[in-house]
Amino acid sequence: MRRREPLPILLHRRRIYIVPTGFGLGFSLLLAVMLVGALNYANNAALMLTCLLGAATAGSMLVAFRTLNGVSVGGLRAGTARAGEPIRVSLDIAASQRERMAIRLDVAGREHVVVVSPGAPTAIEFALDTDFRGWLSLPRMRLHTRWPLGMFRAWSWLNPDNPVLVYPRPEALGPTPFEPEGDADRGRPRAGDELAALRDYRPGDPRRQIAWKLSARHHGLLVKDLEQPAPKEDWRLDWDSMHGLDDESRISRLARWVDEAKDSGRRWSLRLPDGYFDIAQGDEHYHRCMTALALRP
């Protein structure tokens, strides 16, 4: 199965292949020798044993096929990662009837073994290496099993058409966003709800700010000074404000600014040549901005 196909994918008899393993071929050769010997010496006990072992071998082939038949693959989930970092991907495997033992998924050079219970899906997690930003196609996967005796391998190829998004790699070092001057009170504390200090009462101070308990142990009235720091300045991130940089360098710098704004608790806006994200903050705003940067041509 080399063409892409959307999830969910249901495995059925037309897409499940089965071949004997090396152990299965060796065991079949042994059965053939036992059969020749039993017929040559007219040994009924040896002939019965050979037939029983042969029937068990044929039955194991059917069990291996039925382990994959009816299995559905879907429910793809991906974490967030920047270019150059591995991205975690989770794939759900479910079966409507009976428990499926020792199902293996080969992806990205690694093998993952799970037991699928009927009803609730079982998640298989794996990591994919990333090199570039944007959509990353999932690699071709193989779902297979050697259950129950290891004599036969049944497998099916999976080629999901469900790419995952990789965020751009932020630059390591660089300037902070340009902030317009002119706000003389930026960063100064202002009236609020946090206790900053105690001072002597002055006429006109509101009665609710008088520290009555502390004033009882003092020769005069004491007033609580309430203030809070001014909020951090909003950042306005603009594509056109960076001169002398190519497109990829601008994307890396904007990605770093978005990361710093989110980590510092600031609000920010982002202006791109084909879109504008108004001033906001939080995870949803962050993912919208990073997605737009990741999908830039």
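## Overall architecture

Of the contacts in the chain with a separation of 6 or more, 63% are accounted for by residues 24 or more positions apart. The model is predicted, and its secondary structure comes to five helices and 16 strands.

## Confidence of the model

The average pLDDT of the chain is 85, and 90% of the residues score at least 70. Over residues 182-195, however, pLDDT stays under 50, although the model has 33 contacts beyond four places in sequence for this stretch. Where pLDDT is low, the predicted coordinates should not be read in detail.

## Nonpolar cores

The largest nonpolar core has 28 residues, and those with the most contacts inside it are L11, L105, F126, M141, L143 and L158. At least two residues of this core come from each of α2 (44-68), β3 (71-78), β4 (87-95), β5 (100-107), β6 (110-116), β7 (122-128), β9 (141-145) and β10 (152-158), and β4 gives the most, with five residues. Apart from this core lies another, of 21 residues, among them W257, L272, M290 and L293.

The surroundings of L11 can be listed in more detail: when residues up to four places away in sequence are not counted, L11 touches I16, L68, N69, G70, V71, L143, S156 and L158. Two of these partners, L143 and L158, are also named with L11 among the residues with the most contacts inside the largest core.

## The position of A64

A64 lies in helix α2, and because its relative accessibility is 0%, against a cut-off of under 20%, A64 counts as buried. Leaving aside neighbours within four places in sequence, A64 is in contact with I18, T145, W147, P148, F152 and A154. For one of these residues, T145, the separation from A64 is 81 residues in sequence, while the two C-alpha atoms are 6.7 Å apart in space.

## Aromatic pairs

A search of the whole structure finds three aromatic pairs. One of them joins F23 and F27, whose rings are 6.2 Å apart centre to centre with 35 degrees between the planes, an arrangement classed as tilted. Both residues lie in helix α1 (residues 22-40), four residues apart, about one turn of the helix. What is the exposure of F23? F23 counts as partly exposed because its relative accessibility is 46%, whereas F27, with a relative accessible area of 16%, is buried.

Another pair is formed by Y167 and Y286, whose ring centres are 6.4 Å apart and whose planes stand at 85 degrees, so the pair is edge-to-face. This pair links distant parts of the chain, 119 residues apart, with Y167 in the loop between β11 (164-166) and β12 (189-200) and Y286 in helix α5 (residues 283-294). Both Y167 and Y286 are buried.

## Charges over rings

Which residue has its charged end over the ring of Y286? The charged end of K262 sits there, 5.3 Å from the ring centre, and the ring of Y286 is also the one paired edge-to-face with that of Y167. Elsewhere in the model, the charged end of R140 is placed over the ring of W157, at 4.0 Å from its centre.

Methods:
Residues are numbered from 1 along each chain as its sequence is written. This is a predicted model: local features need pLDDT of at least 70, side-chain atom pairs count only at pLDDT 80 or more; totals for chains, interfaces and linings use all residues. Side-chain values use heavy atoms; hydrogens and water are left out. Rings of Phe, Tyr and Trp (its six-membered ring) pair if their centres lie within 6.5 Å; planes under 30 degrees apart count as stacked, over 60 as edge-to-face and the rest as tilted. Buried means under 20% relative accessible area, exposed over 50%, partly exposed in between (1.4 Å probe, protein chains only). A charge sits over a ring if NZ of Lys or CZ of Arg is within 6 Å of the ring centre and within 35 degrees of the ring normal. A nonpolar core is a set of buried Ala, Val, Leu, Ile, Met, Phe, Trp, Tyr and Cys residues joined through side-chain atoms within 4.5 Å. Contact means heavy atoms within 4.5 Å. pLDDT is the predictor's confidence in each residue, from 0 to 100.
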